[in-house]
Each structure stands twice: as C-alpha cells, then as structure tokens.
Amino acid sequence: MLKRIVTLQDISCFGKCSLTAALPILSAMGLETAVIPTAVLSTHTGGFTGYTFRDLTEDIPAISKHWEDLNLHFDGIYTGYLGSIEQVKIVTDFFDKFKSEDTVIVVDPVMGDAGKMYAGFTPEFAGEMKKLCGKADVIVPNMTEVSLLLDIPYTEKYDEEYIKDMLKQLTSLGCPVAIITGVCYGDGMHGAVAYDSRCDKFSSSFQPHIDCTPHGTGDIFSSALSGSIIKGSTVQQALDTAVKFTVKSIEATLPDIDKYWYGVSFEKCLGMLTEQ
Ligand code: PXL
C-alpha cells in the first residue's frame with residue numbers, strides 16, 4: 001500500500017520551489033501526496049519583484065474539517081513556507097487533529113537564507129515557528145533559520161562542535177530529531193548534519209561543494225528528506241538520499257544557470273528517486 005503524505009506550503013506559480021517542487025518529488029518517491037496550498041503567488045519572492053500573493057489561510061480550517069469528516073489518515077505531514085503568524089497557528093491545530101501514533105511530522109521552518117529573512121518575515125513570526133517546531137518529529141533548518149530559532153547571531157564560520165551544540169539546542173525546542181542543512185566546514189564539502197535525541201546519535205552526509213546556490217535547494221532537500229523518512233528510512237539513509245539528490249539537481253542546473261537562476265533543474269534527476 002502507498003504511504004500517504006500531506007504537504008502544506010505555498011504554490012509559487014512560476015519559480016520551482018515549495019509545492020511545485022515537493023509534489024513531483026514526493027510522487028516520484030512513490031508516496032500518495034495530498035496538498036494544502038497555503039498561499040498562491042505568481043512567483044516566489046527570491047529575486048522576482050511585483051509578485052502577487054493570495055493568502056489562503058482562511059481555507060485551511062475548512063479543508064481540515066472536510067478531511068476530518070472523511071476520516072483521512074496521513075503517514076506523514078510535511079510543512080514548508082508558511083505566510084503568516086496566523087497561518088502557523090492554524091497549521092499547529094492541523095497537526096493536533098491529524099497526528100496519530102504512526103504519523104511523522106517534518107517541519108522545514110522556511111524563513112530565510114544567507115543570513116537574511118525572506119521578504120515579509122518578522123522576529124514575531126520566528127517566535128511562532130519555534131512552537132511549530134516543538135510539535136514536529138523532524139525539523140530541517142538552514143543556518144539562517146537556526147539563528148532565528150535559537151535567537152543567536154548568524155555565522156558562516158563554525159566547526160563541527162558548534163553544529164553539534166546547535167543541534168542539541170534545536171531538539172530542546174521539543175522535536176526529537178533536528179537536521180541542519182547547508183553545512184560547510186571549509187574543507188570543500190557541503191552537506192547536512194542530524195541529531196537524534198532519542199538515541200543521542202549524530203549522523204551526517206556530505207558531498208563536494210559546488211559553488212552555486214540556485215533558489216529552492218532547501219525545498220528540494222526537505223522534500224526528498226521527508227519522502228525518505230516517511231517511507232521508513234533511517235535518518236542516515238534519508239540524509240544520504242536528500243544530499244545526493246540535491247547535489248545532482250544543482251549540477252544539472254549548472255549548464256544553464258543564467259536561464260534557470262530562479263530554480264533548480266531537479267526534473268532531470270527525478271529518476272534517482274523513482275529507482276529507490
Ligand atoms: O524556497 C522557499 C520559498 C518558498 N515559497 C516562497 C518563497 C520562498 C523563498 O524565497 O518566496 C513564496
């Protein structure tokens with residue numbers, strides 16, 4: 001039987017991130033994928049100007065109520081970009097309604113990158129996101145989001161000990177597993193590091209660094225990671241799958257990077273996921 005996941009994030013109609021990346025990736029991994037679009041934007045907010053933004057917060061409780069009536073069960077719930085504090089609160093309620101004993105919740109606390117918050121986000125939003133992270137089984141912040149979740153300054157210079165310390169602090173938000181993405185110790189490698197507080201175990205996965213960060217790599221990583229975890233992989237296996245898929249997708253973008261500056265050419269690599 002197919003495992004069923006629901007992912008809650010925006011549709012950026014053009015730009016290859018959030019739902020337009022998550023849906024094909026999760027489907028390629030063999031998961032039945034339901035979606036709750038949290039907002040509709042004409043493009044994502046990274047690098048485009050003049051984008052439209054229709055907030056769909058109001059629709060979420062009604063969708064949720066209908067699904068409760070249908071008695072739907074989800075093996076996984078995966079959240080990405082959420083557009084407002086109110087929306088984060090409503091998603092928290094959604095977790096309470098649909099989390100059963102065997103449901104795995106993955107929260108990607110999408111708020112910023114490279115030390116800057118994305119357009120429209122505030123420190124108050126980060127406060128609400130901390131609470132949502134506390135309800136998750138797995139969280140997947142990048143270093144910018146780590147600084148926002150832990151109220152510490154953003155830094156690009158750190159070592160393994162620092163990352164391990166951050167990971168432990170992140171699990172004290174209430175989620176048993178924390179994964180930091182985009183980790184680079186300056187040794188030419190780039191990857192992700194995880195801490196599972198249930199067994200006090202660290203794991204990591206690294207690949208040679210590619211000097212190019214197209215938009216949407218975080219969403220590609222989180223989607224592949226969520227799919228893997230919900231299919232029952234160990235944290236180590238999920239890290240390996242997500243890191244390899246992300247790196248291959250970035251490599252696939254390189255020949256045409258001027259043309260595809262707005263997103264990663266992950267489509268060329270979906271075969272890696274269907275074969276698993
Ligand atoms: O890739 C994260 C993301 C998702 N959705 C929207 C965004 C961004 C990042 O900028 O703007 C709308």
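**Strands, ligand and a buried glutamine**

Tutor: Let's start with a pairing: the bridge partner of Ala 178 in strand β10 is Tyr 195. This is a predicted model, in which local features need pLDDT of at least 70 and side-chain atom pairs count only at pLDDT 80 or more, while totals for chains, interfaces and linings use all residues. Residues are numbered from 1 along each chain as its sequence is written, and side-chain values use heavy atoms, with hydrogens and water left out.

Student: When do two strands pair, and in which sense do β9 and β10 pair?

Tutor: Strands are DSSP runs of E with at least two residues, helices are runs of H or I with at least four, and both are numbered from the N terminus. Two strands pair if DSSP finds at least two bridges between them. Here β9 and β10 (residues 189–196) are antiparallel, with 5 bridges. They form a hairpin with 5 residues between them, and Gly 186 in the turn has a positive phi of about 85°.

Student: How many bridges join β8 to β9?

Tutor: Strand β8 (residues 138–139) runs parallel to β9 and is joined to it by 2 bridges. Ile 139 has Ala 178 as its bridge partner in β9.

Student: How many residues of β9 are buried?

Tutor: Buried means under 20% relative accessible area, exposed means over 50%, and partly exposed lies in between (1.4 Å probe, protein chains only). In β9 (residues 177–183), 6 of the 7 residues are buried.

Student: Which residues come nearest to the ligand?

Tutor: A residue is near a molecule if one of its heavy atoms lies within 4 Å of it. Of the 13 residues around the ligand, the nearest are Asp 10, Thr 45, Tyr 81, His 215 and Asp 219. A side-chain N or O atom of Asp 10 is 2.8 Å from a ligand nitrogen, and one of Thr 45 is 2.6 Å from a ligand oxygen.

Student: Why does Gln 87 count as buried, and what does its side chain contact?

Tutor: Gln 87 is in helix α3 (residues 85–98), and it counts as buried because its relative accessibility is 0%. A polar contact is a pair of N or O atoms within 3.5 Å; within protein, one must be able to donate a hydrogen and the other to accept it, and residues adjacent in sequence count only if both atoms are side-chain atoms. The side chain of Gln 87 makes such a contact with the side chain of Asp 55, at 3.3 Å.
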